[in-house]
Number of protein chains: 2
Amino acid sequence: MNQIPTKECDVLITFPKSAQEETVKWLLQCFRGRVPELIVRVRYHNNTKIWGLYFTTNNRSLLRGAEIHGLIKEVKVEFGGGKREFTVDEKEIFLHNDDIDRLLTSEERQCIVRSMIDNLRALKNETCGNIKFLQGQAIVPLLESKGIIQHVLPIHDSKDLSFLKNAWVKKFWKNQPLNKIAEYFGIKIGMYFAYLGHYTKALLLPTIIGIIIWAIAGKEQKIDDLLFVIFAFINVVWSTLYLEHWKRRSSEIAYEWGTLDKEDDLLVEPRPLYKGNLIQNPVTNRTERHYPAWKRNLFRYFVTVPVICISLGVVFGVMLLIFMVQDWINLKISKGFLPSFTKFLPKVALALSIGILDNAYKKIAVWLNNKENHRLDDEHENHLIIKLILFQFVNSFLSLFYIAFYLQDMNRLREQLAALLITRQVIGNIKEALLPYVKNRIKLFRIGYEMTSDISPNTLTKQATEIKEKIVSRVETEIRHRKPEKLENVKPESSVEYSGPTLSQAEIEASMEKYEDTFEDYLEMFIQFGYVVLFSSAFPLAALCAFLNNVIEIRSDAFKLCHTFQRPFGQRVQNIGTWQDALEVMSVTAVIINCALIGNSGLAHRLFPNFGTTEMIVLIVALEHIILACKFLLAYAIPDIPHWIAQEKARLEFLRRGAFKTLESKVQNQSSIDHGNSPVHNQDSPLENCDKYSKRYAEKDIQ
Amino acid sequence: MNQIPTKECDVLITFPKSAQEETVKWLLQCFRGRVPELIVRVRYHNNTKIWGLYFTTNNRSLLRGAEIHGLIKEVKVEFGGGKREFTVDEKEIFLHNDDIDRLLTSEERQCIVRSMIDNLRALKNETCGNIKFLQGQAIVPLLESKGIIQHVLPIHDSKDLSFLKNAWVKKFWKNQPLNKIAEYFGIKIGMYFAYLGHYTKALLLPTIIGIIIWAIAGKEQKIDDLLFVIFAFINVVWSTLYLEHWKRRSSEIAYEWGTLDKEDDLLVEPRPLYKGNLIQNPVTNRTERHYPAWKRNLFRYFVTVPVICISLGVVFGVMLLIFMVQDWINLKISKGFLPSFTKFLPKVALALSIGILDNAYKKIAVWLNNKENHRLDDEHENHLIIKLILFQFVNSFLSLFYIAFYLQDMNRLREQLAALLITRQVIGNIKEALLPYVKNRIKLFRIGYEMTSDISPNTLTKQATEIKEKIVSRVETEIRHRKPEKLENVKPESSVEYSGPTLSQAEIEASMEKYEDTFEDYLEMFIQFGYVVLFSSAFPLAALCAFLNNVIEIRSDAFKLCHTFQRPFGQRVQNIGTWQDALEVMSVTAVIINCALIGNSGLAHRLFPNFGTTEMIVLIVALEHIILACKFLLAYAIPDIPHWIAQEKARLEFLRRGAFKTLESKVQNQSSIDHGNSPVHNQDSPLENCDKYSKRYAEKDIQ
């Protein structure tokens with residue numbers, strides 16, 4: 001199938017097939033009327049039978065957007081070099097300031113356009129169909145959440161994409177082009193792949209040690225006691241050091257990508273779906289929605305926490321019950337009281353109930369999280385992650401805990417762990433990368449088949465012609481009323497087009513599935529990390545399995561992003577957020593579980609045959625406490641930010657402060673020269689101008 | 001004895017009686033030659049037979065010092081109000097800018113003068129007696145550390161001091177005037193008293209609960225089992241919540257006192273005794289000493305850690321041995337094999353050995369810490385605190401651990417705890433406040449006695465007359481060579497004076513002992529906190545004892561500062577530093593110890609009679625893990641900084657950013673108007689000026 005590249009489009013909004021023509025028209029009018037600097041074109045995708053709005057904007061708006069988003073850009077060598085926050089006033093000092101396509105990456109253009117789209121706010125008492133907007137609410141995100149808009153997607157840049165397909169997806173044994181990835185898919189996704197690569201490399205150590213231990217112990221078909229203890233210990237130390245190292249590495253990456261200095265939370269725009277009463281923000285003096293913290297906390301501690309606890313209790317109970325039934329059935333089968341096929345019944349029941357519970361729990365978690373009404377996107381996401389992790393933890397590890405501590409069967413634990421590590425991950429890769437790709441191919445093939453059989457290139461349906469005429473006439477009316485300087489950008493002749501038999505890029509990408517989030521990808525790694533550090537002393541090859549899987553995982557995740565899913569919007573993050581905390585908690589849990597495993601498996605008894613049970617437990621508990629204390633000491637002693645970055649930050653702060661003071665005195669001197677006033681009067685100006693500035697800023701945002 | 005107030009003196013340097021006249025003269029010449037803006041007078045204290053240098057400075061230097069120190073000052077209402085960093089250029093907008101005595105507190109003046117004194121740096125190959133200086137080394141701190149200078153002390157302000165004596169030392173049941181304290185003694189000491197007051201108030205809760213539990217349990221002469229467990233639990237929860245609350249309160253205080261936003265570590269001046277090679281600071285481009293971090297770390301991990309561990313091991317061993325000998329002797333006495341006076345032998349041995357070990361350990365710790373050569377004053381101090389705490393922990397708690405877990409004698413634990421809490425604290429208060437006061441009185445009395453008997457007001461010794469003449473003539477020669485504007489401040493007629501029969505304020509204060517640091521005061525509270533949270537379930541009235549002690553402690557510490565010791569220099573701190581961490585560690589230890597006490601005391605056995613030892617231990621360990629998990633969750637969930645402060649900080653950041661951008665565009669516009677240049681050229685100026693600024697700054701520091 002041929003693909004026609006879609007040009008002059010940064011962001012595409014598509015509607016479901018069932019969408020009303022009025023809705024599309026209403027939205028188009030809203031954009032044209034209230035966000036005039038956005039250039040919108042409308043098209044009907046004849047092949048997929050959906051409406052699409054194509055957005056782009058002019059260079060001036062892009063530059064202003066770059067300033068508002070605080071993008072960090074390179075400064076020309078003659079102006080001091082290095083990187084600085086872009087400002088329109090200082091435009092000339094930045095590299096490539098005359099070529100917007102080299103100044104801004106496609107990801108940055110798209111983020112700017114997206115934020116302009118989100119800035120379409122509802123007027124008082126405005127409605128769309130049966131949806132009532134609150135005053136000032138962001139229209140597009142709400143319509144998207146209600147399903148009236150199907151997708152808001154950025155369009156791929158074919159040159160950069162094909163570079164990534166070649167240099168990233170196909171180059172199996174090479175380092176990932178992390179900077180390019182972050183540039184193209186945004187820093188959040190870049191950070192994920194940086195983490196994945198770093199974790200995979202770090203896995204080499206336990207992989208090698210695991211192979212050695214397996215080789216030594218393998219001959220006797222059971223792992224030597226002392227080796228078991230040593231390996232458990234090595235695992236714990238490795239997990240601590242690895243996490244500390246990643247924290248430092250992640251700061252370095254964030255520094256390079258310009259997100260280490262996160263903006264103050266209270267200065268970040270609230271997320272579009274944030275609800276609350278309109279008040280004046282005491283920080284910026286802008287009018288904003290505000291939801292009091294005590295309401296959120298009340299809900300969290302008196303609704304969220306109990307509901308989550310009960311839900312987890314139910315999951316725990318159901319799973320435990322099924323495990324017990326399984327054991328009971330196994331016993332009966334071994335005694336011949338039950339036919340052997342019955343042993344599959346609990347397995348089926350488990351699979352079914354986990355599916356149902358997972359679904360129900362997810363809905364509850366999302367509902368609770370929405371009700372908590374967090375102000376910022378990343379708070380919202382982090383709290384959802386915490387809730388979802390808890391379920392996945394129970395789901396993924398309960399069976400192993402059950403085998404390890406209730407049945408105390410180390411052989412079965414080893415088998416189960418191997419089965420989980422291998423099957424779960426292979427299935428996971430197929431499910432997340434291959435399946436959507438195949439589905440997408442089939443879908444496109446069907447569309448292509450329908451196109452060639454149903455419609456010949458020259459026959460347009462009557463309905464479509466009518467629509468075309470209606471819209472073109474309206475567009476032209478509008479153009480007549482516009483100011484001349486905007487005309488050049490609008491290109492009315494191409495404003496409504498009919499996509500022909502070969503599919504346009506936009507049409508193909510809109511038919512792809514949406515890449516939801518990095519959540520599933522991180523979750524997979526989190527669970528895998530758990531398998532490796534919690535139980536790998538029972539199965540020394542766990543790290544090897546994980547390592548092999550991850551080598552494939554990197555490329556299959558890359559494949560997913562480049563081939564299978566819609567391009568995602570870039571997000572700026574400082575680090576991997578909640579996942580860091582989750583991994584730390586896992587690493588602490590690993591100490592406890594490993595000590596318990598050592599105590600439980602009778603190994604310690606064989607090592608110290610003279611010890612009674614009580615002494616043994618006390619010994620194990622003491623060991624655990626000492627290891628935990630060492631762990632915390634280590635984390636305390638290693639600085640989270642490498643010295644060179646601390647130094648860079650200090651240098652910038654020093655320059656900034658110096659520059660500010662110099663500027664201030666300069667303004668003062670100049671004004672006193674200009675006006676012959678005493679300097680006293682002019683001292684006031686910074687504060688006065690501050691207010692002016694904040695007003696100007698506020699005006700920008702309301703547009 | 002009459003006291004003549006010493007005027008026109010902020011800081012006083014005194015020499016020991018053995019000081020050479022040449023040294024004094026050399027130092028005086030150094031100051032007059034290299035730090036001309038310092039106004040120095042020399043006096044011979046005839047009564048105490050010591051030389052003194054009296055320092056003050058002119059208003060211009062004070063203002064510049066206020067800018068360099070980044071002092072936060074109130075802005076006049078007509079210029080926007082609030083507080084801002086003081087700058088000389090903007091002087092006019094600040095409240096009281098025309099009256100230096102109201103603009104700067106005496107503590108701030110003294111800090112500025114002190115830093116000017118410390119800025120007297122050695123030239124290449126300079127020597128003083130047998131001391132060789134490194135180039136650029138701070139002369140006064142080195143001479144002080146070598147004992148050639150006896151004291152560098154700021155002089156009391158009699159008005160403010162008498163206010164504090166009345167409103168703070170004497171007002172037993174009133175709140176402390178914390179702002180005044182911080183203003184007069186500096187923020188570090190203010191923070192200590194804020195902490196002490198907050199802790200004392202927080203103690204009310206366990207005090208009341210402890211009294212109730214004691215009242216209920218008292219009748220049966222043994223504490224009811226369940227109450228014991230409940231009280232242990234309450235203690236742990238209380239300690240966590242109290243520490244979290246203090247963290248927030250401390251941020252509030254620091255915000256009010258303007259130290260919450262600590263300056264970047266790398267921008268702070270290194271401490272005067274910091275050693276290293278001269279390199280160019282990559283941050284500020286100033287030439288500074290630098291000591292590589294790897295050298296420090298190497299020393300820390302391969303010398304400090306082993307030495308400290310061995311030392312603590314020795315202390316541990318010696319104490320344990322003495323305890324065991326004590327028990328052995330007690331046994332023998334009870335059987336009649338030994339005379340009963342022998343039971344005092346181990347006690348004496350313990351007291352002696354602790355004294356010796358304490359001394360030796362302190363010397364080792366200080367030596368190790370100096371060798372680690374930390375760059376900043378507060379790093380230096382924090383690392384010393386950690387080292388010293390470890391010893392004090394063993395010293396203070398080993399006997400209790402021994403009784404609780406080795407002897408398992410709860411009654412003896414209770415007695416020991418009560419004895420420690422009451423005697424240790426009463427003795428402590430006497431030792432630290434009363435004793436130095438009495439000593440000081442006796443010393444002054446003796447001087448007074450000698451004065452009235454030996455010397456009549458009109459007889460000056462021949463030697464003193466000669467000195468006076470020599471110096472006066474030199475001062476006058478110098479004055480003749482000075483610029484006229486400085487003459488008015490020097491007042492040659494009073495430049496050398498003879499203190500008469502009534503002692504001058506400076507003479508009295510120089511004869512007082514130096515207030516070393518808040519270390520001893522914090523240490524006392526730290527150990528007390530340990531007694532309360534670690535073992536109070538064994539002795540419910542521990543909190544009451546602590547509370548009563550602290551009510552007295554606040555005033556006796558206040559008395560100490562106002563009456564007994566020399567005035568200390570103020571220090572700017574952000575929080576209580578390492579002590580916060582130490583208290584947190586103590587609180588975690590409390591969970592472990594309390595759980596162990598419950599498990600050990602047989603209480604749990606009586607509560608769950610059906611449980612075997614193994615089940616019991618597992619139960620206790622599980623309980624401990626759950627409590628610890630809750631503790632960490634709680635600490636994670638409660639934000640360290642109250643919301644209103646986060647908001648204030650965000651607001652300032654917003655204003656700052658706005659002001660900077662406005663200024664920048666203003667400079668640009670004005671320059672382009674003035675010179676008719678394209679704006680491109682002027683973009684360069686902030687960076688260019690930056691360099692100029694940093695050079696200017698560097699010049700200031702070298703003076």
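Are B:Lys188 and B:Glu381 buried or exposed? Both B:Lys188 and B:Glu381 are buried, where buried stands for a relative accessible area under 20%, exposed for over 50% and partly exposed for values in between, computed with a 1.4 Å probe on protein chains only.

This is a predicted model, in which local features need pLDDT of at least 70 and side-chain atom pairs count only at pLDDT 80 or more, while totals for chains, interfaces and linings use all residues. Residues are numbered from 1 along each chain as its sequence is written, chains are lettered from A and ligands numbered from 1 in the order in which they are written, and side-chain values use heavy atoms, with hydrogens and water left out.

**Salt bridges**

Over all chains the count comes to 42 salt bridges, each being a side-chain nitrogen of Lys or Arg within 4 Å of a carboxyl oxygen of Asp or Glu. Among them are the following pairs.

| Pair | N to O distance |
|---|---|
| B:Lys188 and B:Glu381 | 2.6 Å |
| B:Arg109 and B:Asp10 | 3.0 Å |
| A:Lys247 and A:Glu244 | 3.3 Å |

Helices (H or I, at least four residues) and strands (E, at least two) are DSSP runs, numbered from the N terminus. B:Lys188 and B:Glu381 form a salt bridge; because B:Lys188 lies in helix 8 of chain B and B:Glu381 in helix 12 (residues 377–407) of chain B, this pair ties together parts that are 193 residues apart in sequence. A:Lys247 and A:Glu244, by contrast, both lie in helix 9 (residues 225–256) of chain A, three residues apart, about one turn of the helix, and A:Glu244 is buried at a relative accessible area of 3%. In chain B, B:Arg109 and B:Asp10 are both buried. Salt bridges that share partners also join A:Arg114, A:Asp118, A:Glu144 and A:Lys514 into one network.

**Aromatic rings**

The whole structure holds 69 aromatic pairs over all chains, a pair being rings of Phe, Tyr and Trp (its six-membered ring) with centres within 6.5 Å, and planes under 30 degrees apart counting as stacked, over 60 as edge-to-face and the rest as tilted. One of them, A:Tyr199 with A:Phe529, is edge-to-face, at 6.1 Å centre to centre and 70 degrees between the planes. Since A:Tyr199 lies in helix 8 (residues 187–218) of chain A and A:Phe529 in helix 17 (residues 519–535) of chain A, the pair ties together parts that are 330 residues apart in sequence. A:Tyr199 is buried, with a relative accessible area of 0%, and A:Phe529 is buried, with a relative accessible area of 0%.
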